[in-house]
Amino acid sequence: MDDDRPISVTEHSVARKLLELNASRSSGPDNLPNWVLKNFAYILAAPIADIPNTSFLECNVPDAWKLANVCPLSKASSICIINEDLRPISLTPTLSKVAESFIIDIALKPVLLPIIDPGIFGFIPGSSTTLALISMFHHWLQATDGTASTVRTILLDFRRAFDLVDHNILVAKLFSIGVKPTAVNWIIDFLRHRKQRAKLNNIVSDWLDVPAGVPQ
C-alpha cells in the first residue's frame with residue numbers, strides 16, 4: 001500500500017472521546033469508572049494518548065483490554081427460561097473501546113463506507129431502523145401499486161451473528177477490501193486470546209476463552 005503507517009491519535013482527539021463517555025455506564029473488568037475518565041478528560045488525555053499510539057505502532061493490544069465481564073440483563077418481569085429471558089451484556093474496558101473507536105474512524109470507515117451497499121442500514125452513520133423500514137415499505141408499495149401483485153418476504157434471524165464471526169474469514173475480508181495491514185494486524189491481535197467471565201453482582205465465574213465472534 002502507498003501508506004501503511006500506523007494510525008496515531010492526538011491529545012485533543014483522546015480528550016474529545018473521553019468527554020463523550022456515558023459516566024453512568026458500568027466499567028469493565030479493570031474497574032476504571034467512566035466518570036473518572038470523563039470528569040478528568042483534559043488531565044488524563046495526554047498520558048492516555050500514549051497508550052493507544054504505542055499499541056497501534058506495535059500492533060499489540062494490552063491483555064487487560066481483552067477481558068470482558070458478561071452480565072445478564074433481564075428482558076422479562078420474571079425469569080423462566082435463561083436463554084430467552086436474559087440478555088448477556090459484555091462489558092469491556094473503556095480504554096479498549098476508545099482505542100477500537102479510533103481504528104474504526106480512521107482505518108475502517110474510509111474504506112468500508114464507499115463500498116457498502118446502499119440497501120444496508122446497520123452500523124451506517126446517520127442511518128436507523130426507521131430508514132430501513134421506510135425503504136422496505138417503499139419497495140413493497142412500488143412493486144404492488146396498480147399491478148395486482150403480491151410480495152413474499154423472508155425474515156432471517158441473525159441474533160447470534162456476532163458470536164459466530166469466523167476470525168480467519170474476517171481478516172481475509174479486511175485485507176481484500178484494502179484496509180491497511182498495520183490496522184488489520186492490530187485487529188488480529190485485538191481478537192486473539194480474548195477471555196470473558198460471567199458476573200452477577202459480586203459473584204464471578206472462571207475465565208473462558210473466546211475463540212470466535214467480535215466484541216460488541
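## Where α1 meets α5

Contact here means heavy atoms within 4.5 Å. The model is predicted. In it, S13, V14, K17 and L18 of α1 meet V98, S101, F102 and D105 of α5. By class, this contact has 4 nonpolar, 2 polar and 2 charged residues.

The two helices, α1 and α5, pack at an angle of about 115°. Their axes lie 11 Å apart. The crossing of α1 and α5 is right-handed.

An α-helix has 3.6 residues a turn, so residues three or four places apart point the same way.

## The nonpolar core

The largest nonpolar core has 30 residues. Those touching the most other members are V14, L18, F56, F102, I103, W186 and I187. At least two core residues come from each of α1 (11–19), α3 (41–58), α5 (94–112), α7 (167–176) and α8 (181–191). The biggest share is from α5, with 7 residues.

In soluble globular proteins, nonpolar side chains tend to be buried together.

What does L18 touch, leaving out residues up to four places away in sequence? L18 touches L37, K38, A41, A45, I48 and V98.

## A closer look at α5

Methods: Residues are numbered from 1 along each chain as its sequence is written. This is a predicted model: local features need pLDDT of at least 70, side-chain atom pairs count only at pLDDT 80 or more; totals for chains, interfaces and linings use all residues. Side-chain values use heavy atoms; hydrogens and water are left out. A nonpolar core is a set of buried Ala, Val, Leu, Ile, Met, Phe, Trp, Tyr and Cys residues joined through side-chain atoms within 4.5 Å. Buried means under 20% relative accessible area, exposed over 50%, partly exposed in between (1.4 Å probe, protein chains only). Helices (H or I, at least four residues) and strands (E, at least two) are DSSP runs, numbered from the N terminus. Axes are lines fitted to C-alpha atoms, for helices over the stretch in contact, and angles run from 0 to 180 degrees between N-to-C directions. A crossing is left-handed if the near helix is turned anticlockwise from the far one by less than a right angle, and right-handed if clockwise. Ala, Val, Leu, Ile, Met, Phe, Trp, Tyr, Cys and Pro count as nonpolar, Asp, Glu, Lys and Arg as charged, and the others, Gly among them, as polar.
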